[in-house]
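Subject: Structure for you to look at, with notes

Dear colleague,

I am passing on the structure we spoke about, and my notes follow it. Please read them with the model open beside you.

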Amino acid sequence: MAPNIHLFDRPLTDLPAAVAQIRRTAQRLARASGKPVLIKETGIPSLGGRGLSFTPELQAAFWRAYLAQGRRLTAGDQGPLVCACVAFEAYDLPWKAAQAVNPAEGAWGLLTAAGHPKPAWAAWSDA
C-alpha cells in the first residue's frame, strides 16, 4: 500500500504528536491490510494558505521531528513493514498554486522552484 498521509488542514502546534499521528495511521493500515505500507506522500508546505500559517522554518521543524522518529517501523510485533521515509516533492511547483488558487499548493518542495535549498533540505541532509 502507498497512501498519502497529510496533516496540513489544521494548525500544527505539537509536531511530535503530528508525526506520531501519521505513523499510527500507517501502522493501522498495515495491520488492517496485512500488507507492507510505504507512506508515499507526507509533509507540510512552506507557505500558508486558507487561513493556516506555514513557514519554511515550520516545514523544516516538521521534517526534523519526522526523521528523528526513524524511517522504518513495523505494524506490530510480527506485522508488516511500514516505511516512512518519503518526502512529498523535491521542488516547489508554482503552477499547482495557480491552478488551486492556494499558495500552499505550490510550496511543498524541499527546494524552491529555482532549485535553491529551503531549510527543510538541511533536515533531510542531516538525517
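Leaving aside its neighbours within four places in sequence, which residues is E89 in contact with? Taking contact to mean heavy atoms within 4.5 Å, E89 is in contact with K96, W108, G109 and L110. E89 sits in strand β4, where helices (H or I, at least four residues) and strands (E, at least two) are DSSP runs numbered from the N terminus. With a relative accessibility of 13%, E89 counts as buried, the classes being buried under 20% relative accessible area, exposed over 50% and partly exposed in between, with a 1.4 Å probe and protein chains only. The C-alpha atoms of E89 and G106 are 9.9 Å apart in space, and the two residues are 17 apart in sequence.

Before the rest, a word on how to read these values. This is a predicted model, in which local features need pLDDT of at least 70 and side-chain atom pairs count only at pLDDT 80 or more, while totals for chains, interfaces and linings use all residues. Residues are numbered from 1 along each chain as its sequence is written, and side-chain values use heavy atoms, with hydrogens and water left out.

The core

A nonpolar core here is a set of buried Ala, Val, Leu, Ile, Met, Phe, Trp, Tyr and Cys residues joined through side-chain atoms within 4.5 Å. The largest one has 26 residues, and among these L12, I22, I39, F62, W63 and Y66 touch the most other members. Two or more residues come from each of α1 (15–33), α2 (56–68) and α4 (119–126), and α2 gives the most, with seven residues. Y66, not counting residues up to four places away in sequence, touches V19, I22, R23, I39, T42, A84 and C85.

The two helices α1 and α2

In α2 the buried residues are L58, Q59, A60, F62, W63, A65, Y66 and L67, and they pack against α1, β5 and α4. Just after α2, G70 takes a positive phi of about 95°.

Q59 deserves a separate mention: this residue of helix α2 is buried, with a relative accessible area of 0%. Not counting residues up to four places away in sequence, Q59 touches I44, P45, S46, A107, W108, G109, K118 and A120.

For α1, the buried residues are L15, A18, V19, I22, R23, A26, Q27 and A30. An α-helix has 3.6 residues a turn, so residues three or four places apart point the same way. The 19 residues of α1 should span 27 Å at 1.5 Å a residue, and the end C-alpha atoms of α1 are 27 Å apart, which agrees. Just after α1, G34 takes a positive phi of about 70°.

Leaving aside neighbours within four places in sequence, P36 is in contact with M1, P80 and L81. P36 and V82, which are 46 residues apart in sequence, are 5.8 Å apart in space, C-alpha to C-alpha.

Salt bridges

Side chains of opposite charge can pair when their charged atoms come close. With a salt bridge taken as a side-chain nitrogen of Lys or Arg within 4 Å of a carboxyl oxygen of Asp or Glu, the structure holds three.

In one of them, the side chains of D126 and R64 meet at 3.1 Å, N to O. D126 lies in helix α4 and R64 in helix α2, so the pair ties together parts that are 62 residues apart in sequence. D126 is exposed, with a relative accessible area of 59%, whereas R64, at 40% relative accessibility, counts as partly exposed.

Another joins D92 and K118, with the closest N and O atoms 2.7 Å apart. This pair links distant parts of the chain, 26 residues apart, with D92 in the loop between β4 (89–91) and α3 (94–100) and K118 in the loop between β5 (109–111) and α4. Both D92 and K118 are buried.

K40 also forms a salt bridge with E41, where the closest N and O atoms are 3.9 Å apart. K40 is partly exposed, with a relative accessible area of 37%, whereas E41 is buried, at 19%.

With best wishes

Terms used:
Expected span 1.5 Å × (residues − 1).
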